[in-house]
Structures are given as structure tokens and as C-alpha cells.
Amino acid sequence: MDIYAQLALSGLFIGGLYALISVGLTLVFGVLRVVNFAHGEYLTIAMFLTYFLFHQFGFDPFLSSILVIPLMFGLGLVTERLLIRPTLEAPHVVQVFVTFALSLWLQNLLLVLFTSDFRTVRTGYATAAFQIGPLYVSWLRLGAFVAAVALTAALAAFLKYTYMGSAIRATAQDRRSARLTGVNVDRVYAVTFALGCALVGAAGVLLSPLFPVNPYTGADMILIAFVIVVLGGMGSIAGATLAGLLIGVVESYSSYFLGGEMKQFVYFLCFMLILAFRPVGFFGRKGAEVMDVT
Amino acid sequence: MGKRAYEASAGLWRSVIGFAGLAALPLIFSDPFLLGLVTLSFLWAAASLAWNLSGGYAGQLSLGHSAFYGIGAYTSTVLFLKAGVSPLLGMWVGAAISAVAAVALGAITMRLKGSFFVMSTLAFGAVVHISANNLREFTGGASGLSIPLQPSLVNLVFASKLTFAYVALALVVTFFLVTRLIAGSKIGYSLVAFRENDSAARALGIRTLPLRIGVFALSAAMTSLCGTLHAQYYLYIDPDSVLSLNLSLNLALMAIVGGLGTAYGPIVGAIIVTTVYFAMQAFLGDQISGLTQLAYATIVIVVLVVVPSGLGPEIGRLLTGRLAWRR
């Protein structure tokens, strides 16, 4: 019986990080109506930044987040200005493939710079753990989980209580009306996209002591993020958080009982089933995902 | 001669001259390296034409076409290795399986909008890729399958690489004609109307769901044939070479670089992309892995942002010396 509880706990911990990755993706989709297929590469970049700060300057991963998160925000602003804004009104095919090509570009830039070797951030406290009843809890994973949940909560508070947050929500609901009421929609787009990158950057910082990084790390993670975002309902932050935790637990069980290779198979199958039967997900707004069938 | 008849015959002549030029390529570039470039350009052109039929005309941006390519490659190869069935026959079995899979997938995903459709096909491609890695008795898993080198027409293995170039070209010509035939028919116009504005098309009473699924299945079957040809050309297949996401992406990107939703676009795109690939490999070698892909991604981004309609129409305009606004 203990093994089930232990699996659930470790799934929940990793699910918190999945949620943080997915929240950025779903926020960008909700506001800009663009699926950023390069989202995973920003995760990889943040992990590489953390790795180099750790190895060159001996920065602790939790400390280096103070530097990495603003850097990722800046990178997001640059990307939005150069690639996303010019293609916002373009045909759908351009929107999809511009972020796909960006993903390919970043992946191979990292490959040229750093080769495909795996790099690991090995902290002194990586194996430290404590025991509650029958459960073993890793301090590192607990810390990463708490930080991820805190950041998600901070985002929710930002969206609810600040002017910019209200402007973002207004734009997500109806961009034309938002513009009519004096919201600077272009600025909202830029801030939202950069926020998405900063959030996935934070997830990268938190993941780096747990997983080794190479240029393909983000591409593997992003597929999980798609499953989560669709399951939670495209554009819904609460949905992405809930679905992230759920997928974390499902993955933890399926990789224990079915083996590491099959776990991917399981959640892709889940994904197809969700799309087939409930493409709005948990909290999605109807109409974004399905058209009238004729 | 009326203007329309003139335009039609001019179009016909342009195609004939174009394909005559393509047919001359394998003879001009007889050096093995360059012949490889030409042959692969043809193979990619055929596969990209197949993708373009559904992705370009109907606007269903599938990133799961590698699954159909892989089904084609694996079906003919497994039938040949296990049961001695000629790939000439096996390729049609693969095409039939792909078409059935496409109808099943289409029935689920065709009602999904834009990015949702893209993601669902992405997941389908991944499921087939993982399955091929795990069904070891059939596919040999990650170590792949080799086809013995026994040249004969029945085995669809040729001693001379030149023959293969023309087999691939025959496929390109056939797929080009299929595309022209569909694009010029009522089906083609319905698909384009749906792609441009689905609610307007619906308001006009154009019913596209069966058409889109049908064209998707046709496109899958055609892609599958290219997969068989790939296996017969390399005489070796593994999941990463015939089922990867990168393959799906390439089929789409070649059509986009050349000109989406045009019959000649994928051919132009495949030739440009393959030439760039080979040139980069020849000049840079494999010393720095990733550099070729980096250059490729740069080209794609520039094309998407600067000339979203593709390079094919631009080149055409340059050749005929006409400007867009004069037409």
C-alpha cells in the first residue's frame, strides 16, 4: 500500500513542475491565440543558463533564478517583437510553422554551441530526504514543488489584482473590446508572451537539479505540456494546474507499472481520447477548438 | 484562341518543359553524389506533393504524415522479408493500411480547429513511432530492418541508381497530375473555399467533411508509397529514419518553402531544400552537427516572414518577368 502513496507523492511533485511549464503555454494561447511550439526550447535555454551559472560561478539553482527568470522574460520580449507580432495577422499555416521553425532553430543553435551531451547540475543536497510515516520526501523535490505552486499562485494574483493583469484578461476575452476601452493590446501581447517565457524559465531552473539537460530536453517535455494544456482546457490556468498535477501522478503510476517507454504511449493515447471526446478539456471555453461539422 | 484556352495550353507547355528539364537532371549530374541529390529531391518532391494535397489545398496541417510514410516503408519491407511478397505488391498493401488509418484518424480529428488538429496529428505520429520501437518481432525495434541487395524488378531493387531516379520521377509526375486533377475539380474548389473561410463555405452549402477525410486518406496512401520507395532506395529502415517528427515537419516545410497549395510548389521546395542540405553537408561536413539544420531553419523562418506564399510563385514571377499587380 505504501508504494501507491509514495508513487502518488512523487507524481504530485513532478506534476507541480509540469503545471508551471503548461501555465505559460496556456496563458500565451489564451491571449494571443497562438500555440507556441517553441515553448520547450525556452525550458532548455533556462536549464542551460542554470547549468552554466552553477558551474562557472557556483550559483545555487534556487539563487540563480533571480537572474535566469528576468533573462527569459527579456528573451520572450525579443521573440515576440521579431517573430510573433509580425505573424499575428498572417494565415494560420504561417503562425504554426513560424514557432515550429523557431523551435528547430533554437534546438540546433544549442546543438552547435553545446553538442548533444547531457549536463547535470549536482547540488550537495540532491539526495537529502526526510521521512513522514512510511513516506520518503526529498527536500529538493519538495522545494521545487513549493516554488512551482507559489509561482503559479503569484501569476493568478498578478492577473487578478494588477492593472496589467486585468488588461491581459480583458484581451483574452475579447481583443477588440479591450482595444476600444483603451487597453494597449500590443503591449499586452508582448508582456503575456514574455511572461510565458519567464514562467517556463522558472520551471527550467527548478527542473535543472532534478534532470540532466541536452538540446532535446525541452522538445521531450513540450509534448507532455500539450497533453496537459488540452486536458485542462486551452487558455485556462486553473485547468492547466489541475491537469499538470493529474498527469504527473498518472505518469508516475504508468512508468512504475508499464515501464518508462510505455508511459509516453499511455499519455499520447489519453491525449487522442481527450481530443476525440472532450476537446474543451476541464475548463476550456467552448468554441475555441471544434468547428461545426459539415 | 480564347484567353482561357491560351492560358491552359501555356500552362500545359510550361509543365511539359519543366518535367523535361527534371528528366534531364539525372543525366547531367551523373556523379554519384549529385545523382543522390537529384534522386532524393525527386523522392522528397513526391512525398511533399502528397502532403500538400491535404495540408496545402484543404489546409489540414498534418504533422503526423511520417506515420503513413513509415507504414509504407515497414509494410512492404516486412511482407518482403517474412513472406517473400514483392514490394511492387507490398506498396499497395501499405497504401491501403495508411488510407484506412487516415480515415480512422480523420473521423476523430477533422472537426478540430487549427492548432488542435496539428497537435492531434503530432500525437498520432508519436504513437506510431513508439509502437514501431516496441513491436520488435515485426519491426526489429530500434535496430531496424535491412533489405538484401538482390537487384530485380520484382524485388524493386535496382543495380543502377539512375533507374531509381527515374522511378522517383515517375512518382513525382503521377502525383503532380493527381494534384492538378483534384485542384481543378469541384472537390479542389470546395477544399480551398473551406480553407479560406469555413463558415462562409458552410453558408454556401459546401459540405467538406467527407471530402477532407477522403483527400486526407488519398494523401496518406500517396505518402505511404513514397515510404516504400524510401525503403527500397536505402535498403535499410529504422523508426527514427522513417517515422520521426522531423520527417513530417520536412514534408510540410518543403511545400511551404516552395509554395503551399500549388501543384509545382512542393517540387520547387524539395529541390531547394535538398540542394541546401547537400551543399551544407559538402562544405561543412558533419563536423558540427546541427549547423545544417540551423541553416535550414533560418531559411524557413525568413520565407515564412518575408514571402509567406512561398518561393515557387516568386521564382515563377521572376521567370515570366511579370509583376503581381499587372495580372
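**A note on the two-chain model**

1. Let's begin with the make-up of chain B: the chain has 15 helices and two strands, where helices (H or I, at least four residues) and strands (E, at least two) are DSSP runs, numbered from the N terminus. The radius of gyration of chain B, taken over C-alpha atoms, is 20 Å, close to the 20 Å from the globule rule for 327 residues, so chain B is as compact as a globular protein of that length. That rule is 2.2 Å times the number of residues to the power 0.38. Along its principal axes, the C-alpha trace of chain B spans about 55 × 45 × 40 Å.

2. A word on reading the model: it is predicted, and local features need pLDDT of at least 70, side-chain atom pairs count only at pLDDT 80 or more, and totals for chains, interfaces and linings use all residues. Residues are numbered from 1 along each chain as its sequence is written, while chains are lettered from A and ligands numbered from 1 in the order in which they are written.

3. On confidence, pLDDT is the predictor's confidence in each residue, from 0 to 100. Chain B has a mean pLDDT of 87, with 94% of its residues at 70 or more. The model scores ipTM 0.84 and pTM 0.88.

4. Now the interface. In total, 39 residues of chain A are in contact with 41 residues of chain B; two residues are in contact if their C-beta atoms, placed from the backbone, lie within 7 Å. On the chain A side, helix 3 (61-87), helix 4 (92-114), helix 9 (217-232) and helix 11 (260-277) each supply at least two residues. Helix 4 of chain A gives the most, with 15 residues. By class, this side of chain A has 31 nonpolar, five polar and three charged residues. Here Ala, Val, Leu, Ile, Met, Phe, Trp, Tyr, Cys and Pro count as nonpolar, Asp, Glu, Lys and Arg as charged, and the others, Gly among them, as polar.

5. Which residues touch the most other members of the largest nonpolar core? Of its 191 residues, they are Phe97(A), Ala101(A), Ala203(A), Ala46(B) and Val172(B). Such a core is a set of buried Ala, Val, Leu, Ile, Met, Phe, Trp, Tyr and Cys residues joined through C-beta atoms within 7 Å. Helix 8 (residues 185-207) of chain A gives the most to this core, with 16 residues. Beyond its neighbours within four places in sequence, Ala203(A) is in contact with Leu17(A), Leu20(A), Ile21(A), Leu43(A) and Ala148(A).

6. Helix 3 of chain A bends by about 45° at Glu80(A), the bend being the angle between axes fitted to the seven residues ending there and the seven starting there. Its buried residues include Met72(A), Gly76(A) and Glu80(A). The buried residues of this helix pack against helix 1 (2-32), helix 2 (39-57) and helix 8 of chain A.

7. Is Pro148(B) buried or exposed? With 9 C-beta neighbours inside 10 Å, Pro148(B) counts as exposed. A residue is buried if 20 or more other C-beta atoms, placed from the backbone, lie within 10 Å of its own, exposed if 12 or fewer, and partly exposed in between. Pro148(B) sits in the loop between strand 1 (145-146) and helix 7 (161-183) of chain B.
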